Amino acid sequence: MAAVFFFYLFSALAVASAVMVISSRNPVHSVLFLILCFFNAAGLFILMGAEFLAMILVVVYVGAVAVLFLFVVMMLDVEFVELRQGMLNYLPVGGVIGLIVLGELILAVGGWIIDPASLRTASPTPSDVTNTQALGHVLYTDYIYYFEAAGLILLVAMVGAIVLTLRHKAGVKRQSIEAQVARGPATAIEVIKVKPGQGI
């Protein structure tokens with residue numbers, strides 16, 4: 001009975017915090033609600049017996065990724081008021097896409113038939129194998145190609161984020177490796193002839 005209560009509690013908080021992530025006006029508040037959503041998802045993992053995934057979710061995502069998002073949002077000088085000025089122009093298109101996605105979800109859930117055999121509770125890992133060993137065995141044998149594809153997608157996303165946020169400011173001195181390598185005596189030394197009695 002307690003497991004059912006905590007399941008609904010974590011699920012409701014996770015859904016509510018996920019809605020607040022996309023509906024909050026302040027981006028800092030959105031990141032904080034995202035952290036709350038991660039904690040509730042970790043609670044759901046613990047209820048399913050996947051303690052390792054819960055620990056990874058808290059340590060990696062909450063401790064590193066979400067905090068990094070928070071620092072980036074607070075450090076970047078982004079005018080969010082200007083970004084929201086053109087939102088009404090995209091409202092009709094966004095509404096049509098939202099209705100299409102809602103219709104697809106209704107059709108998918110309406111035609112979903114639950115197998116009675118899937119309702120039986122089973123241990124997520126065998127008794128002689130730890131949770132971490134079972135997860136590593138499945139991840140690096142059955143889903144190794146999907147795991148590598150996800151890594152490549154994250155790498156492309158990281159490079160794209162760096163390229164999009166890189167700004168070149170005028171008047172800032174930058175290091176030019178080509179100019180340093182190609183420098184010779186003619187460009188490295190400037191000889192100035194000073195007449196007697198005159199300064200530079």
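Select residues 27-47 to begin with helix α2 of this predicted model. This helix has 21 residues and spans 31 Å from its first C-alpha to its last, close to the 30 Å expected at 1.5 Å a residue. Next, colour the buried residues of α2, which are Pro-27, Ser-30, Val-31, Ile-35, Cys-37, Phe-38, Asn-40, Ala-42 and Gly-43.

Now display side chains for Ile-35, Phe-38, Ala-42, Ala-54, Leu-57, Val-62 and Ala-66. These seven residues form the largest nonpolar core. Two elements, α2 and α3 (51-75), each give two or more residues to this core. Its largest share, four residues, comes from α3.

Centre the view on Phe-38. Which residues does Phe-38 touch, leaving aside those up to four places away in sequence? The partners are Leu-57, Tyr-61, Val-62 and Ala-66.

Zoom out to the whole protein chain. It contains nine helices and zero strands, so the run of elements from the N terminus reads α-α-α-α-α-α-α-α-α. Of its 200 residues, 11% are buried. The chain exposes about 16,900 Å², and carbon and sulfur atoms supply 71% of that area. Among contacts between residues at least 6 apart in sequence, 54% join residues at least 24 apart.

Proceed to helix α1 (residues 2-23) and select Ser-11, which lies within it. Is Ser-11 buried or exposed? Ser-11 counts as buried because its relative accessibility is 18%, below the 20% limit. A polar atom of the Ser-11 side chain lies 2.7 Å from the backbone oxygen of Phe-7.

Stay with Phe-7 and turn to the aromatic rings. The model holds six aromatic pairs. One of them joins Phe-7 and Tyr-8 edge-to-face, with 5.4 Å between the centres and 70 degrees between the planes. Phe-7 is partly exposed at a relative accessible area of 41%, whereas Tyr-8, at 56%, counts as exposed.

For another edge-to-face pair, select Tyr-140 and Phe-147. Tyr-140 is partly exposed at 48% relative accessibility, and Phe-147 is partly exposed at 37%.

Finally, select Phe-5, Phe-6 and Phe-10, which together form one aromatic cluster.

How values were computed. Residues numbered from 1 in each chain as written. Predicted model: local features only at pLDDT ≥ 70, side-chain atom pairs only at ≥ 80, totals over all residues. Heavy atoms only, no water. Expected span 1.5 Å × (residues − 1). Buried < 20%, exposed > 50% of the residue type's maximum accessible area, 1.4 Å probe, protein only. Contact = heavy atoms within 4.5 Å. Areas by Shrake-Rupley, 256 points an atom, 1.4 Å probe, with all protein chains shown as cover. Polar contact = N/O pair within 3.5 Å; in protein donor to acceptor, adjacent residues only side chain to side chain. Core = buried A, V, L, I, M, F, W, Y, C linked by side-chain atoms within 4.5 Å. Phe/Tyr/Trp six-rings, centres within 6.5 Å; stacked < 30°, edge-to-face > 60°.
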